[in-house]
Amino acid sequence: MSTDALKLDTSMPSSAAPSSPEAQSAWPRSLLFIVPIAVATGLVLARASGVAPTVLKEGNLTVLALLSYLGATAAFVMWMMGRESLLQRIGIGTMAFGYVMNLAAWGIRWIEYVEFEKTKPTMQAIWHTLPLMEKISHTYPLNNLYDIGLAFTGFAVLASLIITTRDKYRFIGAMTMPLAALTLTLVVFLGSEVTTLQPILRSYWRPIHVSIAAISYGVCLVSFGIALLYLLRDGVRIESMALCVAIFGLVLYATIGDFKVLTTGSYGLGVRWMGSGLNLAGGGSLRATLPGVGALMALGWLTYAAAAVALTVYFFRNDSLAQQWGNRLIGAALIVQVLVFGAIFYQMKSPMDINGAINANQHQAFGAWLAKRSDIDPTTLAPQQLQAEGARWLNQNASGLEISFNSNPVELAGILTLIACTAFVALFAWRGKRMLEKLPNLDALDDLTYKTVSVAFPLLLMMLVTGAVWANESWGTYWSWDPKETWALVTWLAYAGYLHTRIVHGWKGRTSAYFAVLGFIFVLFTYLGVSFLLPGLHSYAGVD
């Protein structure tokens, strides 16, 4: 045989040749998400069999998941700021532990739904006779916004764990962990009450439709985080994001609390009685004023306004001094927002005369709302009668009045989101260059965004299709232009725009990243905003 032939033979692949390190470790790396699923399943089965039922409760595990996500966030942030690589491994491990708690919490919530259904007098005698699919349609734990939020946070973390099995993507938790922690915190605000669906909505299509929605929302969260990192890596100035955050803060405090923060300098939380919200005729909720909170919010608004002015001057004049002051004012705004949230939490947990904190100017509108609930036309009663009836009812039921995190969940979620966004831009303004060094190149980030959107897009389409089939079975029509349906369609079209412009027109990079960011904003509005701001057929989803 010739020398050339020998050279050719030795260059050809051989079954005995060692595979790549990544191929060798493919199975062990997959354990990163397989083991947490197995452990969480074991915890759920232990709870179902009666082992340690007082410890294995959904609420306890959800809190542990939230703490784990916060801990993972801290570890990833310190790693990105140039600390030891061990912190990255700690962050990944903590993320996996948090997922165990998250998944187990959702599974145990299913058990709690079963226990809740079996205690109903109408179910006690017939439960054991029901077919399996009917039991599932009664108890599948995706009945309300809390259930869906718990599930979609878990799917986002699962997607992150799967992506983390690739060496070049081990950074992903640095963005998805703070987003998961923020999302789970907002979910907790909604309240974890076990709810029962209307009989008309019970169908085997419900578990299919809502499960697909939770999975798709989780993948969308991951694509959003990657797109944000791409924009920062691509040179989008953090001051641009800071200006957007400042505008968000200005709009939030101008509209929050029924537009009273800037007009009266006061802020109040919605009053609840026996777990139900109390409203005013003509719109809005009955509110108890929290001392000092409105003044702090007004200070926060002024701080954001000053930051917006400084950053605008920087963009138009390229003034470095304005840039410095803009970043400093964003830092100051962060401190004020933390004080705002701390003051709300303190007032909420302190003994408080809630009836005394209700402004008497609300009594007439509250009395009119009470009249409507009693099928009485408020216009047939004198204003003095409505005022007196509102005051009388509140005095009589003062002991049952309460305020809590789910009094005004959208407003409190907005405040917490504002804190998170402000902290994000403040951190990157301080240590952005060093943190971005830990990220892969732009092509890798762009490719990963494309892959996650390519997964989310068909899932969103399946969500629309299965939702239409469920709607036809329950309401007799495939599509009714309900706000939730409409915004779900808008969300799908946003991701369709991402793929269309990329595949047909070759758009990549920054423009595509903006599409991914916009798509997730629509996801959040579809999930939370529509349920509270645009009531419709989907208002059953755990909203007053």
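## Chatting through the model

Me: Let's start with W487: what is its relative accessible area?
Reply: W487 has a relative accessible area of 25%, so it counts as partly exposed. That label runs between the limits for buried (under 20% relative accessible area) and exposed (over 50%), with a 1.4 Å probe and protein chains only.

Me: And what should I know about the model itself?
Reply: This is a predicted model, so local features need pLDDT of at least 70 and side-chain atom pairs count only at pLDDT 80 or more, while totals for chains, interfaces and linings use all residues. Residues are numbered from 1 along each chain as its sequence is written, and side-chain values use heavy atoms, with hydrogens and water left out.

Me: Good. How many aromatic pairs does the structure hold?
Reply: There are 21 aromatic pairs. Rings of Phe, Tyr and Trp (its six-membered ring) pair if their centres lie within 6.5 Å; planes under 30 degrees apart are stacked, over 60 edge-to-face, and the rest tilted. One of the pairs is W273 with W393, edge-to-face at 5.2 Å centre to centre and 75° between the planes.

Me: Which parts does that pair tie together?
Reply: W273 belongs to strand 2 (residues 272-273) and W393 to helix 16 (residues 383-396), so the pair links parts that are 120 residues apart in sequence. Helices (H or I, at least four residues) and strands (E, at least two) are DSSP runs, numbered from the N terminus. W273 is partly exposed at 29%, whereas W393 is buried at 14%.

Me: Back to W487. What does it form with F525?
Reply: An edge-to-face aromatic pair, with 4.7 Å centre to centre and 65° between the planes. W487 sits in helix 19 (residues 483-503) and F525 in helix 20 (residues 510-533), so this pair joins parts 38 residues apart in sequence.

Me: Switching to the core. Which residues touch the most other members?
Reply: M297, I344 and I415 do, in the largest nonpolar core, which has 159 residues. Helix 10 (residues 205-233) gives the most to this core, with 17 residues. Such a core is a set of buried Ala, Val, Leu, Ile, Met, Phe, Trp, Tyr and Cys residues joined through side-chain atoms within 4.5 Å.

Me: What is I415 in contact with?
Reply: Leaving aside neighbours within four places in sequence, I415 is in contact (heavy atoms within 4.5 Å) with L252, Y253, I256, M297, V340, F341 and I344.

Me: Which helices do the buried residues of helix 13 pack against?
Reply: They pack against helix 11 (238-259), helix 12 (261-264), helix 14 (320-349) and helix 17 (409-436). Among the buried residues of helix 13 are M297, G300, T303 and Y304. Just after helix 13, N318 takes a positive phi of about 55°.

Me: Where is T449 found?
Reply: T449 is in helix 18 (residues 442-475) and is buried, with a relative accessible area of 2%. Its side chain reaches the backbone oxygen of L445 at 2.9 Å.

Me: Last one: how many disulfides does the structure hold?
Reply: It holds 0 disulfides, a disulfide being a pair of cysteine sulfur atoms within 2.5 Å. For C220, the closest cysteine sulfur is in C421, 18 Å away, which is too far for a bond. C220 is buried, at 0% relative accessibility.

Methods:
A polar contact is a pair of N or O atoms within 3.5 Å; within protein, one must be able to donate a hydrogen and the other to accept it, and residues adjacent in sequence count only if both atoms are side-chain atoms.
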